[in-house]
Amino acid sequence: MNKAVFLCALLPLAACLTEDVDSIQMASRALPQSQNEIAFMSRVFNDIQPTSIAEGREYCGLIGVDEFGEMVATPPRRGRTSSCLPPAPNAVNFTVLASYHTHGAWSPEFLTEIPSFDDMRTDIEDGTDGYIATPGGRMWYVDARNRVARQICGLNCLIPDPGFQVDPDYPVESTYTLDDLRDY
């Protein structure tokens, strides 16, 4: 059995590639990111952060625009401690702009304040950008086409986990490339 296929079978919720993500070509984004979109995501995240934190689970979904040009989101799906599978973009009745997910509750076992390598790799594989909310209340935007994640806003800009603690051994940068995230 192919090692990549074997690993994918062992990790059903992980994004599994049999090709290098650098070879994936993505279509242009349907609409450029806007302040309206960022404000919409802040509201979406602030609605689900308390539940995500209380349950220690990721929640995820998709956002986009409907036929009237209004921002819409799928209902959040409950994931696991460190993974969540949003609906397929072709299963929704709007133009998908990005995925979204929370990182759940703060834990010293995970680097929850930055996007993971798999977070960015999955967005690239899916051909869509992504938003991430952290336990410290940060919001990240994964620009999948350019393979870079940038911090939209810092600590406490979203509802944070009351138990959150800054880890002095891992300072948070304002941007990360896919290659940067390989190290975490």
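Predicted model: local features only at pLDDT ≥ 70, side-chain atom pairs only at ≥ 80, totals over all residues.

Colleague: Is Arg-121 buried or exposed?

Modeller: Arg-121 has a relative accessible area of 15%, and because buried means under 20%, Arg-121 is buried. Glu-125, at 23%, counts as partly exposed.

Colleague: Which other residues of helix H3 are buried?

Modeller: In H3, which spans residues 117-126, the buried residues include Phe-117, Asp-119, Met-120 and Ile-124. The buried residues of this helix pack against several elements, among them strands S4, S5 and S6 and helix H4. After H3 comes Gly-127, with a positive phi near 75°.

Colleague: What does Asp-129 form with Arg-145?

Modeller: Asp-129 and Arg-145 form a salt bridge, with the closest N and O atoms 2.9 Å apart. This pair links distant parts of the chain, since Asp-129 lies in strand S5 and Arg-145 in the loop between S6 and S7, 16 residues apart. Asp-129 is buried at 2% relative accessibility, whereas Arg-145, at 24%, is partly exposed. Elsewhere, salt bridges with shared partners join Asp-118, Arg-121 and Glu-125 into one network.

Colleague: How many salt bridges does the structure hold?

Modeller: The structure holds six. One of them joins the side chains of Glu-55 and Arg-78, at 2.8 Å from N to O. Glu-55 is in helix H2 and Arg-78 in strand S3, 23 residues apart.

Colleague: How is a pair of aromatic rings described?

Modeller: A search of the whole structure finds four aromatic pairs. In one of these, Tyr-131 and Tyr-141 are tilted, with 5.0 Å between centres and 55° between planes. Tyr-131 is in strand S5 and Tyr-141 in strand S6, so the pair ties together parts ten residues apart in sequence. Tyr-131 is buried at 0% relative accessibility, and Tyr-141 is buried at 3%.

Colleague: Why is the pair of Trp-140 and Tyr-176 called tilted?

Modeller: The planes of Trp-140 and Tyr-176 stand at 50°, with the ring centres 5.7 Å apart, so the pair is tilted. Trp-140 lies in strand S6 and Tyr-176 in strand S8, 36 residues apart. Both residues are buried. Ring pairs also link Trp-140, Tyr-176 and Tyr-184 into a cluster.

How values were computed: Residues numbered from 1 in each chain as written. Heavy atoms only, no water. Phe/Tyr/Trp six-rings, centres within 6.5 Å; stacked < 30°, edge-to-face > 60°. Helix = DSSP H or I, 4+ residues; strand = E, 2+ residues; numbered from the N terminus. Buried < 20%, exposed > 50% of the residue type's maximum accessible area, 1.4 Å probe, protein only. Contact = heavy atoms within 4.5 Å. Salt bridge = Lys/Arg side-chain N within 4 Å of Asp/Glu carboxyl O.
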